[in-house]
Amino acid sequence: MVTVANAHDDLIHDAVLDYYGKRLATCSSDKKIKIFEIEGTENYKLSTTLTGHEGPVWQVSWAHPKFGSILASCSYDGKAFIWKETPETQTWSIIAEHTVHQASVNSVSWAPHELGAVLLCTSSDGKVSVVDFNEDGTTSHVIFNAHNIGVNSASWAPISNVSSKDPQTLKQHRRFVTCGSDNLAKIWKYDSVHNTYVEEARLEGHTDWVRDVDWSPSILVRSYIATASQDRTVLIWTQDRDGHWQKQLLTEEKFPDVCWRCSWSLSGNILAVSGGDNKVSLWKENLQGKWESAGEVDQ
């Protein structure tokens, strides 16, 4: 296991491996983003430090490699940056700045690559924005109100059986889930008539801020969404045959502290939960449909 020591001068808020697992991007309250080359299971080296944000950097997200070496970042400064590496010189530069939000941008996530280069941003101003990076080099965006008080995180729905290359047809497949400080998670779908996103479902079950949400990336027997909350619980949401979303507590007993983040494995069957107790717990569904512990990481 690779352990990166003394990576930043302040709290680290996110650490994400690229598509191939060869690079690690980290971001911190020190306003910096660092990219490490991972070599084998033991070694790493710092390849570059990216500066430009004027506040703590909350999250980073790698684009699919078909678009090149591209990284998105978001910050308390109300901005999302798109960084691109020039392969010949191995230097990084900002190729786009997304500055439509009036408060902290709390999360950035790229859409499934089948949908094109599309970035989803959430903000403390209560709004969500979706940015399209078009092939001709232009950008366009849609911004809409999503959660009162603020939006904390968002996650795209997985894509299945999309053969069309037509951008308008692909837009019909856009769905994502958001969560906010109003104790709710909401599912949104694209509305082509009004060129915006409309609420498809409202997931009610938490009694405090919903800090994180993750839609399982794999199409398994059914769709899974996990929500992690300040109320020290994690809920698993699944869709029944009628299309209604049902909730289930991940564990009957509350977690020892606030649940900050939840993340599905790529195969979609293991959930990692991190909390205020500085531990990461792993969970797996058994044959009876109950969730049981699959281990703990407490580095």
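Leaving aside residues up to four places away in sequence, Thr-227 is in contact with Ala-185, His-206, Val-210, Asp-212, Val-213, Thr-233, Val-234, Leu-235, Trp-237 and Cys-262. Keep in mind that this is a predicted model.

Where does Thr-227 sit in the chain? It's in strand S18, which covers residues 224-229. And is Thr-227 buried or exposed? Its relative accessibility is 1%, so it counts as buried; the cut-off for that is under 20%.

Two of those neighbours are worth a second look, because the definition of a polar contact asks for N or O atoms within 3.5 Å. The Thr-227 side chain makes a polar contact with the side chain of His-206, at 2.8 Å. The side chain of Trp-237 also makes a polar contact with the Thr-227 side chain, and here the distance is 2.9 Å.

How many salt bridges does the structure hold? There are 11, and I'll walk you through a few.

Take Asp-9 and Lys-32: they form a salt bridge, with the closest N and O atoms 3.8 Å apart. Asp-9 is in the segment before strand S1 (12-17), while Lys-32 is in strand S3, residues 32-39, so this pair ties together parts that are 23 residues apart in sequence. In terms of accessibility, Asp-9 comes out at 65%, so it counts as exposed. Lys-32 has 27% and counts as partly exposed.

Next one: Asp-14 with Arg-261. This is a salt bridge too, and the closest N and O atoms are 3.4 Å apart. Asp-14 lies in strand S1 and Arg-261 in strand S21, residues 259-264, so the pair ties together parts that are 247 residues apart in sequence. Asp-14 is buried, with 9% relative accessible area, whereas Arg-261, at 29%, is partly exposed.

Then there's Arg-23 with Glu-85, a salt bridge where the closest N and O atoms are 2.9 Å apart. This pair links distant parts of the chain, with Arg-23 in strand S2 (residues 23-28) and Glu-85 in strand S7 (residues 80-86), 62 residues apart. What about burial here? Arg-23 counts as buried at 12% relative accessibility, and Glu-85 is buried with a relative accessible area of 8%.

Let me zoom out to the whole chain. We've got 1 helix and 24 strands. The radius of gyration is 19 Å, close to the 19 Å the globule rule gives for 299 residues, so the chain is as compact as a globular protein of that length. If you take a box along the principal axes, the C-alpha atoms fill roughly 55 × 50 × 35 Å.

How much of the chain is buried? Of the 299 residues, 47% are buried. For contacts between residues at least 6 apart in sequence, 43% join residues at least 24 apart. As for the surface, the chain exposes about 15,200 Å², and carbon and sulfur atoms supply 47% of that.

That's my tour, so over to you.

How values were computed
Residues are numbered from 1 along each chain as its sequence is written. This is a predicted model: local features need pLDDT of at least 70, side-chain atom pairs count only at pLDDT 80 or more; totals for chains, interfaces and linings use all residues. Side-chain values use heavy atoms; hydrogens and water are left out. Helices (H or I, at least four residues) and strands (E, at least two) are DSSP runs, numbered from the N terminus. Buried means under 20% relative accessible area, exposed over 50%, partly exposed in between (1.4 Å probe, protein chains only). A polar contact is a pair of N or O atoms within 3.5 Å; within protein, one must be able to donate a hydrogen and the other to accept it, and residues adjacent in sequence count only if both atoms are side-chain atoms. Contact means heavy atoms within 4.5 Å. A salt bridge is a side-chain nitrogen of Lys or Arg within 4 Å of a carboxyl oxygen of Asp or Glu. The radius of gyration is taken over C-alpha atoms; the globule rule is 2.2 Å times the number of residues to the power 0.38. Accessible areas come from the Shrake-Rupley method with a 1.4 Å probe; for residues, only the protein chains shown count as cover.
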